[in-house]
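Please read the numbered points alongside the coordinates.

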Amino acid sequence: MFDQQLSEHGSSGRATAPAAPQGAPVSGASGGAPDPGAAGATGDKGLRGNSVGLLSSVVLGVSTVAPVYCLTATLGPTVTAVGVQMPAVFLAGFLPMLLVAFAYKELNKDFPDCGTSFTWTVKAFGPRIGWMAGWGLTVATIIVLSNLAGVATDFLYLMLGEMTGSSGIAELNDNKAVHLLTVVMLIAAATAMSYRGMTATKWFQYSLVGLQLAVLLLFSVIAIGKAAAGDLPDSIGFSASWLNPLQVTSFSAFTAGLSLSIFMYWGWDTCLTMNEETLGSAKTPGRAAMISMVTLVGSYLLVAIASQMFAGVGDNGTGLGNPATADNVFSALARPVLGSPWSILLFLAVVASAAASLQTTFIPVARTLLAMSSYRAVPPRFGSVHPRFRTPGYATVAAGAATAVFYVGMSVISENVVQDTILALGLMICFYYALTAFACVWYFRRSLLGGLRDLVLRGVAPLIGGVLLSAVFLQTLTDAWDPGYGSGAVLGIGSVFVIGVGILLLGAVLMTWYGAYRPEFFRGETLRKDTPALVVED
């Protein structure tokens, strides 16, 4: 079935509606949700087309990544892994993401579908590998959503304590019942906003993303200015060698830092999952992804250099290597850099970052589930679209419920389990990004020699990106096997390895079960390599 000839790539103009794939009914829904069980192509799922422009798409991409949250959570661990080469690792982490972004851009140009990794990997490698790519994206998103809600809660109470001068309010977060209740409330609020659609909260997202970038710029300028003044005991002068990844002491340390930096860029592909709702669906999402990534890498390098110059990489005081503050660097640097009361701005920026991302991170999981349902890869209910808001209503609510249950369940079991699950997140990200990169090469394999552009952007760049992410995936698996990696061991194997591999195996089990129950998708009847896009816009 999947050895059929590829359809003609690079066509322009508006395609006519294709005939339904063999064995699949034609979608006949109108005026709202399509038939969830019907095979569909892009533009056939009931979403609100042409509702997102280039700027909105860029804002959504940056918002999902949550730059301020990522920085406060990863500056410390990255310094612990690679020392002063932290900026170099951030730059190195950008490279595979950029190369994979070329794959997303080219695949989206040929077949703009909100299923992104799932849909494209199915068309390249078949239903089972594609299903696992969709599973990897879905699970990674649930883990990120739960972590975002936890961080937003932490900083919310820190900010309230800072604003009121009351340590008692800040310490409310230490009460597990209060913390979990607040997390669930934030998840519910974000779910409700996502359910109504992104266009309903556009200016909310613009404001939060603008606040984040403005505070990061202010923080960096003041930190560099104070470090340059020379009256700080731990400050260090800038060196160009900080940007050289070859000076990292070991490959294991490099991959550990690289895994963290890859996590910092995760989420830019949200621009692509909105492709069926974007004006110029074939080209605009890819451009937005590129702009988002350039914005992110510039912000990360500036803050990394400024923080390192101001605080140094020591393991005490405000040093970035201090284990007591490693998981929340900005809480330690807010007052020393910005002073009181302006330090509140940094706490506010972290809350804004996590809150904005909490809302937009529902986009990829809901639309991936919508696409999977449209092609009968998951139950039909996930394909229901709200007739008024034109959003994947059921999938959005299901993702919110899964996030709340996951976070509360893991927190009740053990805080260490939560941390180990977050460490396993890097495996999920590398897994489905690498699959998508390789899918691009294979999907376009017959047209790679059509010109230098096609060879580089559809072949060489995605292939290198996929290989780099696969190397990080395998090295992380090797390191995670060690019982000392993470919080403990299970039968002599590192807990992070058990969780990461266990999640992938769970996906394989669910896929096998659903394939036996509803085999149409897995027989190639609803989505094939030659399934054309319904709408291709110039």
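1. Eight salt bridges are counted, a salt bridge being a side-chain nitrogen of Lys or Arg within 4 Å of a carboxyl oxygen of Asp or Glu. The model is predicted: local features need pLDDT of at least 70, side-chain atom pairs count only at pLDDT 80 or more, and totals for chains, interfaces and linings use all residues. Residues are numbered from 1 along each chain as its sequence is written, and side-chain values use heavy atoms, with hydrogens and water left out.

2. One of the bridges pairs Arg 458 with Glu 106 at 2.9 Å, N to O. Arg 458 lies in helix α17 (residues 452-481) and Glu 106 in helix α3 (residues 86-110), 352 residues apart; helices are DSSP runs (H or I, at least four residues), numbered from the N terminus. Both Arg 458 and Glu 106 are buried (buried is under 20% relative accessible area, exposed over 50%, partly exposed in between; 1.4 Å probe, protein chains only).

3. Asp 454 bridges to Arg 453, with the closest N and O atoms 3.5 Å apart. Through shared partners, salt bridges join Glu 106, Arg 453, Asp 454 and Arg 458 into one network.

4. Glu 162 and Arg 335 form a further salt bridge, at 2.8 Å between the closest N and O atoms. This pair connects helix α5 (residues 127-164) to helix α12 across 173 residues. Glu 162 is buried at 18% relative accessible area, whereas Arg 335 is exposed at 52%.

5. Seven of the ten residues of α12 (residues 329-338) are buried, so this helix is largely enclosed by the rest of the structure. Its buried residues, including Phe 330 and Leu 333, pack against α2, α8, α11 and α13 (contact means heavy atoms within 4.5 Å).

Key:
Helices (H or I, at least four residues) and strands (E, at least two) are DSSP runs, numbered from the N terminus.
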